[in-house]
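Please report on the fold, the chain contact and the charged pairs of the structure shown here. Keep it brief.

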Amino acid sequence: MDLSWMAWTQPTAIFFAVIASLLLTMSIWEYFSPGGGPRLGILRFETTRGDRFFVSLLGSAFICMAWLTLVGLNLWWGLAACLVYTLLVFRFV
Amino acid sequence: MSIQKAQNNKAWFMVLPVLILVAISAIIPLMTVVNYSVQDTFGNNEFFWVGTEWFQEILSSERFHNALLRTLLFSGLILAIEIPLGILIALAMPKRGWGASVCLVLMALPLLIPWNVVGTIWQVFGRVDIGLLGHGLASLGIDYNYTQNNLDAWLTLILMDVWHWTSLVVLLCYSGLVSIPEVYYQAARIDGATRWAVFRFIQLPKIKRVLLIAVLLRFMDSFMIYTEPFVVTGGGPGNITTFLSIDLVQMAVGQFDLGPAAAMSLIYFLIILLVCWVFYTVMTSYDNDEPTSGGGPQ
């Protein structure tokens, strides 16, 4: 099957592979610990771990955009900020 | 409150056909857009890696900022007009009898007209030479020309959207209002409640969920509006009605800048996703807060 029209590159393939493996990890986590671990965090509404995962991904996208606008092209430090943000979301939200 | 453990996961297989359809219609095109957003192309399926350059260019471009501000302003104005107007019309509509049916049909009519037809109707309607609105205003001595005056162009687009979509808000609010049991109104009458008190403490709380859906639908639709302003003003005069969607199409199809257009559409998508999540969270919070009539948690 010719997928050249999709203009794949190695970095974007890695990006989607990471997203897919994260989704798979969340599914395995849910299988072994069903229910989603709902709790009331600092946002004062109930979140499951799926919600926290979504908030982490969405927030990370905005952190990366802010990083590109305010700091510059090197996104590795921005990615580190995203990881810290994700840890905070999973701990406190 | 606890979420019950799933007993039977076989139901997930029922969702599989939908997942396949979504993959073909949404996820694969989205992946392609992501791939385009980090490359440059001059056609012939030849691509050159540029990394995050397009994102940086779009995020710091005045053109994008202005289009985003215009779109947000348009959505804000639309919500500020259509939501109160929709509630007022729904409150004024008869709740039973033949009048209710006639009003519902009349309200539904603008929703049945395709976007491009609405645009064409208003483009002709607003013309100074042959349009009823344009010619009428000119006859009254009002200097109106939506093709040359910025304010007139905005007023025409807002008026057109209000005409087209207020009905949706009306129908949603109306459905919420007719579902309120009569006993609430009887209790209000016994208490001697004023018309405002009935609205504030009975009707508004009962329609707040459908109202939130109306706000979400109207925000999303006005934020993504393309066809109607494109047909009426084409983004002009100048760039004064060039919303994000029009700017995006100009960049992708007009200039054939597929890389920057892909980056811009991803940023656009993320903004919409954020707004959707906020609305979804607020709506589910209402669901959790609302006491159930069937007793406590099972």
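Of the 298 residues of chain B, 40% count as buried, where buried means under 20% relative accessible area, exposed over 50% and partly exposed in between (1.4 Å probe, protein chains only). This is a predicted model: local features need pLDDT of at least 70, side-chain atom pairs count only at pLDDT 80 or more, and totals for chains, interfaces and linings use all residues. Residues are numbered from 1 along each chain as its sequence is written, chains are lettered from A and ligands numbered from 1 in the order in which they are written, and side-chain values use heavy atoms, with hydrogens and water left out.

**Fold**

Chain B has 12 helices and two strands. These are DSSP runs numbered from the N terminus: helices are H or I with at least four residues, strands are E with at least two. The order along the sequence is α-β-β-α-α-α-α-α-α-α-α-α-α-α. The C-alpha atoms of chain B fill a box of roughly 75 × 70 × 30 Å along the principal axes. Contact means heavy atoms within 4.5 Å. Among contacts in chain B between residues at least 6 apart in sequence, 68% join residues at least 24 apart.

**Cores**

A nonpolar core is a set of buried Ala, Val, Leu, Ile, Met, Phe, Trp, Tyr and Cys residues joined through side-chain atoms within 4.5 Å. The largest one holds 63 residues, and Ile83(B), Phe223(B), Leu244(B) and Ile267(B) touch the most other members. Helix α9 (residues 195–223) of chain B gives the largest share of this core, 13 residues. Apart from it lies another core of 15 residues, including Trp122(B) and Val232(B).

Thr156(B), in helix α7 (residues 150–178) of chain B, touches both Trp122(B) and Val232(B), as well as Tyr144(B) and Tyr146(B), not counting residues up to four places away in sequence. Thr156(B) counts as buried because its relative accessibility is 3%. Its side chain makes a polar contact of 2.7 Å with that of Tyr144(B). A polar contact is a pair of N or O atoms within 3.5 Å; within protein, one must be able to donate a hydrogen and the other to accept it, and residues adjacent in sequence count only if both atoms are side-chain atoms.

**Salt bridges**

Over all chains the count comes to seven salt bridges, each a side-chain nitrogen of Lys or Arg within 4 Å of a carboxyl oxygen of Asp or Glu.

| Pair | Closest N to O |
|---|---|
| Arg63(B) and Asp247(B) | 2.8 Å |
| Asp129(B) and Arg127(B) | 2.8 Å |

Arg63(B) lies in helix α3 and Asp247(B) in helix α11 (residues 244–254) of chain B, so the pair ties together parts 184 residues apart in sequence. Arg63(B) is partly exposed at 34% relative accessibility, whereas Asp247(B) is buried at 3%. Glu82(B) in helix α3 and Arg218(B) in helix α9 of chain B are 136 residues apart. Both Glu82(B) and Arg218(B) are buried. Salt bridges that share partners join Glu82(B), Asp161(B), Arg218(B) and Asp221(B) into one network.

**Interface**

27 residues of chain B are in contact with 26 residues of chain A. How many salt bridges are there between chain B and chain A? The count is zero. Five residue pairs are in polar contact across the interface of chain B and chain A, both residues at pLDDT 80 or more. On the side of chain B that touches chain A, the largest share, eight residues, comes from α12(B).
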